[in-house]
Amino acid sequence: MTLNLARPAVSSQFVNLEEGFQKTAPSDRPGATDRAALEAVFAHIDGDSCPTDFNFHMHTVHSDGRLHPKALMAQAIDIGLLGLAITDHHTVGGYHVARSWLETQQLKHPTESFPQLWTGVEINADLLGTEVHILGYAFHPEHQRMQPYIQGKAPTGIDYQAAHVIAAIQAAGGLAVLAHPDRYRISSHALIPEAARLGINGIETYYAYDNPKPWRPSPKQTKAVRKLGQAHGLLHTCGTDTHGLSLITRL
């Protein structure tokens, strides 16, 4: 596997962040569970952030994706991502493989710059009587409250309720985000206020609902979701929801 460690140009609002990562020793960079560092990134996410600067929604062979975690990380480096999270369904197996591989590469290439990897997961949950997906980020995987959600299968009973999913992610030190809020049976105009009432941290504002190539956030949905998120003081995230072999498309 050949790695292209040259970094392409990034959006201007992230130049200082990139320089900070490059000038900081790997051991002193934000950790995979550094919630504050991730919140700082989310505070600057916009429609141009994904898929070449950041990507916070992707799947590997550990759930329903086609990419091996090592191949995913190599591709992330080739793209020039600054930060990412693997969000396999109900497992952190892919994240652990990716983290181990990334640490090895950092030791082999100590002067090179690598993407920041945060913990991530995608969890099925009931919200207003419909099934939604909640993304968890920067949580501690070993935390007791996360165990019902990382066993490789969807939660049941009380663990399936959105309020409990959100609370568990936050109890484990993480951020909870409503995935693709305009893709469900119930309108985002109902789901987002209810998720906010339950204490969710953010919403996946920038999402490609029609699977375009090249990837771009869907204009109509993005405008509505962003407005709702701002009205409820929520963080905004972006992600390709990759299930195929390319991190710059969904399928």
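Strands β5 (130–137) and β6 (175–178) pair in the antiparallel sense over four bridges; two strands count as paired if DSSP finds at least two bridges between them. Within this pair, Leu135 has Val177 of β6 as its bridge partner. The structure is a predicted model, in which local features need pLDDT of at least 70, side-chain atom pairs count only at pLDDT 80 or more, and totals for chains, interfaces and linings use all residues. Residues are numbered from 1 along each chain as its sequence is written, and side-chain values use heavy atoms, with hydrogens and water left out. Helices (H or I, at least four residues) and strands (E, at least two) are DSSP runs, numbered from the N terminus.

Both strands belong to an open sheet of five strands, ordered β4-β5-β6-β7-β8, with mixed pairing. Because β4 and β8 (235–238) each have a single partner strand, one side of each is left without a neighbour in the sheet. From one strand to the next, the twist averages 40 degrees.

A second open sheet has three strands in the order β1-β2-β3, and its pairing is parallel. Its edge strands are β1 (54–55) and β3 (116–118), each of which pairs on one side only. Strand β2 (residues 83–85) is joined to β3 by three bridges in the parallel sense, and Ala85 stands opposite Trp118 of β3.

Helix α6 (residues 188–197) has Ser188, Leu191, Ile192, Glu194 and Ala195 as buried residues, where buried means under 20% relative accessible area, exposed over 50%, and partly exposed in between (1.4 Å probe, protein chains only). The cover over these residues includes β4 (120–127), β5, α5 (162–171), β6, β7 (202–206) and α7. At the N-terminal end, α6 is capped by Ser187, a side-chain oxygen of which lies 3.0 Å from the backbone nitrogen of His189. Just after α6, Gly199 takes a positive phi of about 95 degrees.

Ala231 lies in helix α7 (residues 219–231) and counts as exposed because its relative accessibility is 64%.

Two packed helices are described by the angle between their axes and the distance between the axes. Helices α3 (residues 69–79) and α4 (residues 93–108) pack at about 55 degrees, with their axes 8 Å apart. The contact (heavy atoms within 4.5 Å) is made by Pro69, Lys70, Met73, Ala74 and Ile77 of α3 and by Gly94, Val97, Ala98, Trp101 and Leu102 of α4.

Notes. Polar contact = N/O pair within 3.5 Å; in protein donor to acceptor, adjacent residues only side chain to side chain. Axes fitted to C-alpha atoms, helices over the stretch in contact; angles between N-to-C directions.
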